[in-house]
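Dear colleague,

Please find below the sequence and structure for your review. A summary of what was found follows them.

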Amino acid sequence: MPKYLIDTDTASDDAIALIMALRDPSCEVLAITTVFGNVDIETATKNALLSIEMAEVLPVPVYQGMDRPILRPRIDALDIHGQDGLSQQNYPNPSLKKEAEHALNAIIRILRQEKEPIRIICLGPLTNIALALRKAPDIQTKIQDITLMGGAQLGYAGYTEVAEFNIFCDPEAAAIVFNSGIPLTMIPLEVCSIGNGKVEAITSLNAKEIAALRALHTQRAQFAMNSTQTLYAFCSKLTGFKNLQLPDPTAITVALRPQGILSSYTAYVQVDLVGPLTYGQTVINVRGGTALDGQVIRHNVKIISAIDGAFFKAHLTESLS
Amino acid sequence: MRTYIIDTDTASDDAVALILALRHKEITVLAITCTAGNLSIAKTTRNARIATELAQTYHPPIYAGVDRPLIRVLSVGEHVHGKDGLGDMNYPEPSLQLEDEHAVDAILRFARTHQDVGIITLGPLTNVAMAILEDPKAMSNITEIIAMGGQYRMPNGCTANAEFNIWVDAEAAKIVLESGIHITLVPLDLCYGETEITKADRDHLKSFKTVRGDFFVDCNRRLIEYNQRSYDKDIISLPDPTCVAVVLEPSIVLHSIDVYTRIEVKSPLSYGELIYDFDGLQGQKPNVRLITEIDALRFKEMIFEAAK
């Protein structure tokens with residue numbers, strides 16, 4: 001059975017993603033590491049612990065990681081997920097406790113002690129992975145691949161006109177990971193949600209589908225739909241019609257059940273670190289060979305360009321049942 | 001009658017575009033101004049005169065303009081269109097002569113003396129930017145700029161995220177975008193997909209047994225090779241003609257987006273990328289109408305009609 005580390009800036013859609021991964025019988029989660037991003041680090045850790053309790057499985061250890069980006073000022077997404085990241089539902093404090101070890105050290109220790117390479121899923125800014133790679137370059141060979149929710153393709157708006165939130169939170173960290181040589185699978189935001197043409201994306205949930213999940217009458221389903229109420233309102237306002245986009249759960253389906261991938265391609269992806277208008281953009285070069293400036297183009301990322309919405313929703317429903 | 005100046009770095013697809021414009025009865029081409037881009041200014045001015053003669057209609061005055069970008073070193077596209085820009089077919093010297101006046105002066109003179117002139121740009125925006133810098137008040141008389149340039153969602157038009165015309169002189173494009181003149185952008189995306197001139201289309205053009213039918217295919221010989229190399233497609237892509245088609249028959253546009261558009265000029269990775277504010281993040285009024293879809297069948301008919 002493949003073993004996973006999941007790195008998360010746990011807010012509402014991360015919480016669902018964690019439940020999906022923890023409840024998947026084909027997946028062994030060795031640890032969950034938290035990072036700033038959607039919310040501050042303490043909130044992310046608390047939400048991760050709560051999500052494990054809601055998953056109703058054997059607990060996995062949670063390690064708290066970086067509370068800030070490498071270089072830039074920290075931003076958050078409280079307007080998208082609510083002040084507590086979970087739509088302010090007044091959830092009780094989780095009884096599970098975080099581990100004392102720092103996430104960077106936990107990532108390094110776990111990778112070193114495992115015999116076979118581990119798969120990593122990143123649901124937030126890439127700061128923990130980037131710094132772990134700098135601190136212990138030897139762990140690179142113990143990482144089978146990294147599946148990350150983040151980035152955007154050319155012509156799609158994200159957090160800025162051209163940069164997606166997770167990457168924009170820490171572009172320097174993203175650059176370290178994209179340049180690392182580790183096999184990467186990237187799920188761009190628009191593939192998880194909606195293009196600028198205001199067309200309903202197949203992966204987003206409509207009101208009827210949300211009602212159907214609520215009708216499962218499980219604690220998990222109620223938690224999932226309650227926690228995403230602020231996100232639901234945000235998505236609906238942004239697009240002009242009622243819908244809930246779930247980027248991180250989509251990434252879990254891609255990582256755990258690749259049959260749900262409809263199309264993908266490889267490309268040379270670099271992160272723009274200097275453009276006043278393009279800071280944090282994933283610059284996607286689909287050509288091979290040599291660039292105009294003589295630089296050799298090596299494809300470093302597999303980009304998911306379409307996901308089977310029905311397959312994803314079936315996976316989601318199974319996890320919340 | 002709608003009146004336009006056409007600014008062009010005349011290579012093979014520009015030549016087709018010029019002929020398309022000159023043979024259309026709904027518009028008048030007041031002047032052709034040449035710029036460096038696909039080729040050096042010596043070659044673009046030669047090719048503009050060849051195309052004008054081949055149109056076999058009227059002969060607007062043709063002016064030579066700026067020979068290099070405002071700030072950067074000129075990058076040419078001889079690997080795309082051939083050394084002479086017209087498929088290396090050894091077309092004879094044209095007999096039409098260039099005007100003495102500088103293209104920038106000519107643009108400004110027309111802008112001052114006419115109230116209803118638009119500018120169609122088929123190359124880098126250097127001439128137009130120079131005119132704006134020199135006399136913005138005169139240029140405010142320009143009714144609109146319709147530019148072939150920029151990317152929409154197609155990667156690797158030139159660099160990963162920038163298209164050639166804009167990338168060659170992004171600083172000039174920035175001046176034009178910030179000028180206040182209304183801009184219609186016809187991105188590179190539009191000449192790939194259903195608008196591609198396939199082998200069957202080329203056989204159709206050749207079957208006319210006309211000078212222009214042959215020219216449309218032959219002058220794009222190198223472009224066919226380029227598309228084969230770059231995109232693994234046996235096609236002629238016609239970016240500049242799609243731009244002219246949008247002017248000639250506005251109804252050819254099936255979808256467009258009004259959007260506030262800026263340009264990145266500082267980043268080595270993203271130099272020349274157009275930044276579209278589709279979600280209104282900047283709270284600015286749109287300065288660009290971005291054309292995202294045209295009627296491909298009608299476009300091809302227009303090409304065939306101009307070839308007959």
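This is a predicted model: local features need pLDDT of at least 70, side-chain atom pairs count only at pLDDT 80 or more; totals for chains, interfaces and linings use all residues.

Residues are numbered from 1 along each chain as its sequence is written, chains are lettered from A and ligands numbered from 1 in the order in which they are written, and side-chain values use heavy atoms, with hydrogens and water left out.

Chain B as a whole

Chain B contains 13 helices and ten strands (DSSP runs numbered from the N terminus: helices are H or I with at least four residues, strands are E with at least two). Its radius of gyration is 18 Å, close to the 19 Å that the globule rule gives for 308 residues, so chain B is as compact as a globular protein of that length. That radius is taken over C-alpha atoms, and the globule rule is 2.2 Å times the number of residues to the power 0.38. The C-alpha trace of chain B spans about 55 × 40 × 35 Å along its principal axes.

Of the 308 residues in chain B, 64% count as buried (under 20% relative accessible area, with exposed over 50% and partly exposed in between; 1.4 Å probe, protein chains only). Among contacts in chain B with a separation of 6 or more, 83% join residues 24 or more positions apart; contact means heavy atoms within 4.5 Å.

Helix α10 (residues 211-218) of chain B is mostly covered, with six of its eight residues buried. These are B:Arg212, B:Gly213, B:Phe215, B:Phe216, B:Val217 and B:Asp218. The cover over the buried residues of α10(B) includes α1 (12-22), α2 (41-55), α9 (199-207), α11 (221-231) and α13 (296-307) of chain B.

In helix α4 (residues 103-113) of chain B, the buried residues include B:Val104, B:Ile107, B:Leu108 and B:Phe110. Strands are among the elements that cover the buried residues of α4(B), including β1 (2-8), β2 (27-34), β3 (62-64) and β4 (117-121) of chain B. Helices α5 (126-134) and α6 (136-139) of chain B are also part of that cover.

Two buried residues of chain A

A:Asp14 lies in helix α1 (residues 12-22) of chain A and counts as buried, at 0% relative accessibility. Leaving aside neighbours within four places in sequence, A:Asp14 is in contact with A:Thr8, A:Asp9, A:Asn38, A:Leu123 and A:Asp248. A:Asp14 and A:Ala251 are 237 residues apart in sequence, and their C-alpha atoms are 9.9 Å apart in space.

A:Asn47 belongs to helix α2 (residues 41-55) of chain A and is buried, at 3% relative accessibility. Beyond neighbours within four places in sequence, A:Asn47 is in contact with A:Thr10, A:Ala11, A:Asp84, A:Gly85 and A:Leu86.

With kind regards
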